[in-house]
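Good morning, colleagues. Please have it in view as I speak.

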Amino acid sequence: MQCRARPLLDEILECEGISLLCQDISEARAWKENLSQFQNRDLFTSGLNEQALLERYEHDFQLAKRYNKAFSLIMAELKDVYDFIAHGIDFETADRLLKVVSDVCFNNLTPNAHIGRVDKTKIVMVLNNTSQEKAKTIAEKIMKESPPVIRRLGIDEYNAQMMTVVYGERRNFNDTEDVMWTRFRRRVK
């Protein structure tokens with residue numbers, strides 16, 4: 001309960017009593033948590049939005065570095081096929097492209113991993129306790145499963161393959177999250 005007390009004053013400002021207002025705030029915490037979870041979600045992909053994903057990435061990278069655990073990242077760039085669909089077909093189909101490819105990525109997600117969208121057309125998978133070999137297997141699986149799903153949107157076979165998927169891991173103890181992120185951004189341009 002949250003209570004607020006205020007004095008009741010008469011015309012000459014003498015206190016005649018106290019007014020109490022009490023509110024039940026037991027559900028407020030649950031509503032606040034639901035709201036924060038909703039604010040961290042991307043509307044198109046159901047993954048994390050850019051800010052939440054980058055915060056999660058930095059946190060998980062630091063944990064992997066501290067405990068010297070495997071840490072990998074997979075980034076799927078859909079800019080070329082997204083632009084082809086947006087300019088050649090329509091924007092709704094281009095937005096559905098983001099959803100269907102993120103669903104493929106969700107299906108290949110490892111335990112204790114996160115997925116989100118950055119820069120409008122990049123779907124990023126943050127893979128904790130995952131080696132580069134496992135990340136390579138997941139990336140190849142995404143490259144194999146995505147074109148048939150994209151073709152169901154009415155896209156021809158050649159244009160459905162216009163996506164780039166890169167993977168990698170934390171290199172050594174001196175590697176930082178900024179250097180790793182820059183390495184990935186440079187690869188998908």
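I shall take the helix packing, the aromatic rings and then several individual residues in turn.

A word on conventions comes before the details. The model is predicted, so to speak of local features requires a pLDDT of at least 70, and side-chain atom pairs count only at pLDDT 80 or more, whereas totals for chains, interfaces and linings use all residues. Residues are numbered from 1 along each chain as its sequence is written, and side-chain values use heavy atoms, with hydrogens and water left out. Helices (H or I, at least four residues) and strands (E, at least two) are DSSP runs, numbered from the N terminus.

Let me begin with helices 3 and 4. Helix 3 covers residues 79-88 and helix 4 covers residues 91-107; they pack at an angle of about 155°, and their axes are 7 Å apart. The angle makes helix 3 roughly antiparallel to helix 4. Axes here are lines fitted to C-alpha atoms, for helices over the stretch in contact, and angles run from 0 to 180 degrees between N-to-C directions. Angles under 35 degrees count as roughly parallel, over 145 as roughly antiparallel, 65 to 115 as roughly perpendicular, and the rest as oblique. The crossing of helix 3 with helix 4 is right-handed; that term applies if the near helix is turned clockwise from the far one by less than a right angle, and left-handed applies if anticlockwise.

Which residues of helix 3 and helix 4 meet? From helix 3 come V81, Y82, I85 and A86, and from helix 4 come F91, T93, A94, D95, L97 and L98. Contact means heavy atoms within 4.5 Å. The residues of this contact divide into eight nonpolar, one polar and one charged. In that scheme Ala, Val, Leu, Ile, Met, Phe, Trp, Tyr, Cys and Pro count as nonpolar, Asp, Glu, Lys and Arg as charged, and the others, Gly among them, as polar.

N159 touches V81 and F84, not counting residues up to four places away in sequence. N159 counts as buried because its relative accessibility is 16%; buried means under 20% relative accessible area, exposed over 50%, and partly exposed in between, with a 1.4 Å probe and protein chains only.

The next packing is that of helix 2 with helix 7 (residues 177-187), at an angle of about 125° with the axes 10 Å apart. Helix 2 is therefore oblique to helix 7. This crossing of helix 2 and helix 7 is also right-handed. L54, Y57, E58, F61 and Q62 in helix 2 meet E177, M180 and W181 in helix 7. By class, the residues of this contact are five nonpolar, one polar and two charged.

Some of these residues carry us to the aromatic rings. How many aromatic pairs does the structure hold? There are four. Rings of Phe, Tyr and Trp (its six-membered ring) pair if their centres lie within 6.5 Å; planes under 30 degrees apart count as stacked, over 60 as edge-to-face, and the rest as tilted. Y57 and F61 form a tilted pair, 6.1 Å centre to centre with 50° between the planes. Both lie in helix 2 (residues 50-67), four residues apart, about one turn of the helix. Y57 also forms a tilted pair with F71, at 5.9 Å centre to centre and 40° between the planes. That pair links distant parts of the chain, for Y57 is in helix 2 and F71 in strand 3 (residues 71-77), 14 residues apart. Y57 and F61 are buried, and F71 is buried as well. Ring pairs link Y57, F61, F71 and W181 into a cluster.

Most residues other than glycine have a negative phi. S46, however, has a positive phi near 65°, and lies in the loop between helix 1 (28-39) and helix 2. S46 counts as partly exposed because its relative accessibility is 37%. N112 has a positive phi near 60°, and is placed in the loop between helix 4 and strand 4 (113-118). N112 is exposed, with a relative accessible area of 52%.

Leaving aside neighbours within four places in sequence, R4 is in contact with S19, L20 and L21. R4 and L21 are 17 residues apart in sequence and 5.1 Å apart in space, C-alpha to C-alpha.
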